[in-house]
Amino acid sequence: MVHGTCASASFNSVIAFVSAVCLCLCGLSISAYADDREQSLPPIVVYSADSSSYIRFGFAGQLRTQFTATDAGGAGNSDESLEMEARRIRFILSGDLFGPDLTFKTQLSAAPGSSELIDFYFDYHLNSRVQFRVGQYKIPFTRYRQQSFSQLGFADWSIVSTCFGAERQMGVTVHNGWRRSSGLTYAFGVFSGTNARASHGVGLARAYGARILNPSALSNPGPRGEFHPELVASIGFGSSGEKNGPDSDASNGNLSYLLNLSGTYDCDAENQKDFVARIAPELQIESSGLAIRAIGYAGFARLLDTRLAALGGLLQASWPVSDSRSIAARYAIVHFEDELVARLPSGQAETEMEFTLGVNSQLHGSSVQWQNDVGVIRRTFHRDSHADVIVRSQFQVVF
């Protein structure tokens, strides 16, 4: 990672504004030279001698440049920084064993400072109504988080994902299709209760200033923690045309929808780290190219006798302006209840809001993309508030 700090706040404010405009204009224009073909880069697949099994080798990489203007409010001077980093470097190995009914997936991260196990699980397809998944993977909490980061219309996830999840855990789930969106869908799982990574579902731990460990790190991993079962359920109903990602409907099809309700219950939640329960109703609508997603979140804390501790919401919309580029807007909010804020360390924001505009250009199908977005994150404290500006440009290759 390359990091730089500039001395002049006013100068860098101008630079940030000019950069945001240039990135958006470039993102809108570059796709005029993009490959209009729909296909993505072909996967690397090795088959067994009798073609009954296969192994697929995949890769995902992101190179990001990010400008951040941090507003210290009345507490001090603002700070500006410019970072260039390899945001994600992932190697994926997947395939089937002894036929299509038993499949597996392993995903490893090799990004600087993030050498870790991401996914390792097996799927067993009993029939069209009953399937099983066991291993480490995202818990089935919101359909929003079940899509891949490579399908987002923005450079990264929203603030509600950091706070409420879904995170990865070890567990077992019975379901009728992990990303199925037509008709009645369900997923019921039992998990370890321990967050396998330190990036999502950590809102309560961050609020308390608790140390967030990373048990999945390949070097100096944090402890796995004691098993405290967490029950996760997701049930939904969708029309046949709806799909779970990407975040834009490039098919310009007829009206389609997906209604979903997710919930979790931790049987022995850690006081300052885990929500006892989480609930998230969700709605996705797609029509004539326009894709809209709306989610509500509620988190309940053990320290408050399982009363409401945090609320959140996400509303985003995207529109494909051509076959190879789309524009998107996102609003997200996380609010901690007054009773919880009174127990938190001083300096913790009561409310955090995000507003982001993005331009996504597909240079070769969905495999090679250039993502640009400009966001404002506003944090409100007891007697103060401040707003940070983030400008991101990201090149992504996935196959």
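Biologist: Which residues have the most contacts inside the largest nonpolar core?

Modeller: This is a predicted model, where local features need pLDDT of at least 70, side-chain atom pairs need 80 or more, and totals for chains, interfaces and linings use all residues. Side-chain values use heavy atoms, without hydrogens or water, and numbering starts from 1 along each chain as its sequence is written. A nonpolar core joins buried (under 20% relative accessible area, 1.4 Å probe, protein chains only) Ala, Val, Leu, Ile, Met, Phe, Trp, Tyr and Cys residues through side-chain atoms within 4.5 Å. The largest one here has 39 residues, and those with the most contacts inside it are Phe164, Tyr297, Phe336 and Leu340.

Biologist: Which element gives the most to this core?

Modeller: Elements are DSSP runs: helices (H or I) of at least four residues and strands (E) of at least two, numbered from the N terminus. Several supply at least two core residues each, including β13 (290–301), β15 (325–336) and α4 (338–341). With four residues, the top giver is α2.

Biologist: How much space lies in the largest cavity?

Modeller: A cavity is a set of points on a 1 Å grid over the protein atoms alone where a 1.4 Å probe fits but cannot get out. There are three of 30 Å³ or more, and probe spheres set on the points fill the volume. For the largest, that's about 120 Å³.

Key. Buried < 20%, exposed > 50% of the residue type's maximum accessible area, 1.4 Å probe, protein only. 1 Å grid on protein atoms, 1.4 Å probe; cavity = no way out; pocket = protein on both sides within 12 Å on 5 of 7 lines; lining within 4 Å.
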